[in-house]
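Welcome, and thanks for taking a look at this one with me. Below are a few numbered notes to read alongside the sequence and the model.

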Amino acid sequence: MSEIKKQENQNQNGDQDRNKNQEQVNPLKIDFKKPYTFEGKTYDGIDLSSLEDMTGSDFIRIEKEVRQLGINNLNPETTAEGAYTYAARAAGVPFEFFSKLPLKEARRIKAVVVNFLWS
């Protein structure tokens, strides 16, 4: 393999390692694959780090909000509506923010919230 190819491979591996390290550093920071525009503002991602600061009072309020949406699941946080209610509170965006997200981004946010709450 030529020196140039070796250097290219090392650079690619370094980029992959940096991406993995970023995920390990803050798994609650989600970068979108494409920018997302909501109410005239463009988002490159969403930061759910404030989930770590929530308390039992937040849990109770969010459960009540989810029930008002008509969700009567024993574990409402496992529903899309429940996960998005937590995410909205954590990120400081309205619940409606999640309704027009691309499906993969929406499911990824739900998975991050549920994994955080159940781990």
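1. Let us start with I109. Leaving aside residues up to four places away in sequence, I109 touches I30, F32, I46, L48, Y84, A87, F98 and L101, where contact means heavy atoms within 4.5 Å. I109 sits in helix α4; helices (H or I, at least four residues) and strands (E, at least two) are DSSP runs, numbered from the N terminus.

2. A word on the ground rules. This is a predicted model, in which local features need pLDDT of at least 70 and side-chain atom pairs count only at pLDDT 80 or more, while totals for chains, interfaces and linings use all residues. Residues are numbered from 1 along each chain as its sequence is written, and side-chain values use heavy atoms, with hydrogens and water left out.

3. Is I109 buried or exposed? I109 counts as buried because its relative accessibility is 0%. The cut-offs are under 20% relative accessible area for buried, over 50% for exposed, and partly exposed in between (1.4 Å probe, protein chains only).

4. Now widen the view to the core. The largest nonpolar core holds 26 residues, and I109 is among those with the most contacts inside it, together with F32, I46, L48, F97, F98 and L101. Such a core is a set of buried Ala, Val, Leu, Ile, Met, Phe, Trp, Tyr and Cys residues joined through side-chain atoms within 4.5 Å. At least two core residues come from each of β1 (29-38), β2 (41-47), α2 (56-68), α3 (80-91) and α4 (103-118). The largest share, 6 residues, is supplied by α3. In soluble globular proteins, nonpolar side chains tend to be buried together.

5. Not counting residues up to four places away in sequence, F97 touches F32, Y36, F38, Y43 and I46.

6. Next, α3 itself. This helix has 12 residues and reaches 16 Å from its first C-alpha to its last, close to the 16 Å expected at 1.5 Å a residue; the expected span is 1.5 Å times one less than the number of residues. Its buried residues are G82, A83, Y84, T85, Y86, A87, A88 and A90, and the buried residues of α3 pack against β2, α2 and α4. After α3 comes G92, with a positive phi near 75°.

7. Finally, the charged pairs. How many salt bridges does a search of the whole structure find? The search finds 6, each being a side-chain nitrogen of Lys or Arg within 4 Å of a carboxyl oxygen of Asp or Glu. One of them joins D58 and R89 (3.7 Å, N to O). Because D58 lies in helix α2 and R89 in helix α3, this pair ties together parts that are 31 residues apart in sequence. D58 is buried at 12% relative accessibility, whereas R89 is partly exposed at 31%.

8. R67 and E63 meet at 3.2 Å, N to O, and they are about one helical turn apart because 4 residues separate them in helix α2. Salt bridges that share partners also join D58, R61, E65 and R89 into one network. Elsewhere, D31 and K29 form a salt bridge (3.1 Å, N to O); D31 is partly exposed at 36%, and K29 is partly exposed at 35%.
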